[in-house]
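Morning, everyone. Please have a look at it first.

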Amino acid sequence: MAIGVIGGPLLSRLYYLHGGGRKWVNTFTQSAGFPILFAPLFFLYLRHRSNPQSTHFFMESKLFVASAIIGVFVGLDNFLYTLGLSYLPVSTSSILYATQLAFIAVFARIIVRQKFTPFTINSVVLMTLGSVLLGPRTSGDRPAGVTGKGYLFGFFLTLGSAGLIGLVWPCVELCYAKATRVLNFTVVLQFQLNVAAFASIVSFIAMIANKDFQRIKRVWTRPNHVCCSTSWWRCGVAVLLLRRSWGDILRAGSLLNGILSAVLLPMTEIAAVFAYHEKFTGEKGMALALCLWGFTSYFYGEYQTNKKAKALTKEQADDQYS
């Protein structure tokens, strides 16, 4: 996940630094790596065919429709992020995009009734402060050729992208909760593939309308775009593995995804300083510290909650035995 969250924005920004100006082409690379998921699905299908007790392999129709709709919104979110990145340095963009945690928290509370602990609230406040309050003060590192209005435009585009992805994650969690059949790894894999496929379709149609279609062959001969697409998809596959590994992820998945992304995005800021010689100001350092503090607060709260839950379960089991 770290490779995707850190490497993806760096490679996307590299496209602009070397004179690239096709926003939809750069957007397309964020989701175009979805055919990678066909490989594990193929082997899972073979295993399904060899097991006579297996009943269903393909996800139910309502999940297919939901994933298609979510995919359209993800495609639009990718465009907002890519367009904002064309006006902002990676270090500033990463701080602003970390505000997705605050949006996830709000929408998760409304959509899936996510329960908050004091540690969770503290984490959201700290990471939001580090992103929102300090982000506007980094205008001194405006990229060459970008006007003040353009920088402000990119600032709000990135916040809009963070808000939209903050809505998407709780919607995904709601779709999983409303599933009629058992939600196994195969279904989650299909859901993710379908989301990315429709996000790519959005970008693909826009490329045709923007007369970028004739440049597809040229784009894919560039190692940068191939690596960019692969990096973004490492992040997507990592989220799938998280959902597979932790049983409780289906109940707290959206907020946890926001926490992990938010703590990794400031790492992108540090990587951008070394890779592109961007300024590492005191404000950015403070934002990084707040994000790490919030990350620690969240996981300490989860540790305490799980510890109390296990103690309560053991106590109930002892009472029942006695």
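At what angle do helix H6 and helix H8 pack, and how many Å apart are their axes? The angle is about 35°, and the axes are 8 Å apart. H6 covers residues 100–111, and H8 covers residues 148–177. Axes here are lines fitted to C-alpha atoms, for helices over the stretch in contact, and angles run from 0 to 180 degrees between N-to-C directions.

Before more detail, the ground rules. This is a predicted model: local features need pLDDT of at least 70, side-chain atom pairs count only at pLDDT 80 or more, and totals for chains, interfaces and linings use all residues. Residues are numbered from 1 along each chain as its sequence is written, and side-chain values use heavy atoms, with hydrogens and water left out.

Back to the pair. H6 passes H8 in a right-handed crossing. Handedness works like this: left-handed if the near helix is turned anticlockwise from the far one by less than a right angle, right-handed if clockwise. Who makes the contact, meaning heavy atoms within 4.5 Å? From H6, it is Gln 100, Phe 103, Ile 104, Phe 107, Ala 108 and Ile 111. From H8, the residues include Leu 159, Gly 163, Gly 166, Trp 169, Pro 170 and Leu 174. By class, that contact has 13 nonpolar, three polar and no charged residues. For the classes, Ala, Val, Leu, Ile, Met, Phe, Trp, Tyr, Cys and Pro count as nonpolar, Asp, Glu, Lys and Arg as charged, and the others, Gly among them, as polar.

Now the whole chain. The protein has 13 helices and zero strands. Those are DSSP runs, numbered from the N terminus: helices are H or I with at least four residues, strands are E with at least two. Of the 322 residues, 52% count as buried. Buried means under 20% relative accessible area, exposed over 50%, partly exposed in between, with a 1.4 Å probe and protein chains only. Take the contacts with a separation of 6 or more: residues 24 or more positions apart account for 84% of them.

Next, H4, residues 61–85. Ile 70 is found there. Ile 70 counts as buried, at 7% relative accessibility. Leaving out residues up to four places away in sequence, Ile 70 touches Val 168, Cys 171, Val 172, Cys 175, Phe 191 and Val 195. Ile 70 and Val 172 are 102 residues apart in sequence, yet 7.7 Å apart in space, C-alpha to C-alpha.

On to H9, residues 185–209. Ala 199 has its place here. Why does Ala 199 count as buried? Because its relative accessible area is 1%. Beyond four places in sequence, Ala 199 touches Ser 31, Gly 71, Val 74, Gly 75 and Asn 78. Val 74 is 125 residues from Ala 199 in sequence and 5.7 Å away, C-alpha to C-alpha.

Phe 204 also lies in H9. Phe 204 counts as partly exposed, at 31% relative accessibility. Its C-alpha is 6.9 Å from that of Phe 28, 176 residues away along the chain.

Val 187 is buried, with a relative accessible area of 9%. Val 187 touches Met 59, Leu 63 and Val 182, not counting residues up to four places away.

How many cavities of 30 Å³ or more turn up in the whole structure? Two. A cavity is a set of points on a 1 Å grid over the protein atoms alone, where a 1.4 Å probe fits but cannot get out; lining residues have an atom within 4 Å of a point. Grid points are joined across faces, edges and corners, and a volume is the space filled by probe spheres set on the points.

The second largest cavity has a volume of about 30 Å³. Its lining is Met 59, Glu 60, Leu 63, Ala 179, Arg 181, Val 182, Leu 183 and Val 187. By class, that is six nonpolar, no polar and two charged residues.

Methods. 1 Å grid on protein atoms, 1.4 Å probe; cavity = no way out; pocket = protein on both sides within 12 Å on 5 of 7 lines; lining within 4 Å. Contact = heavy atoms within 4.5 Å.
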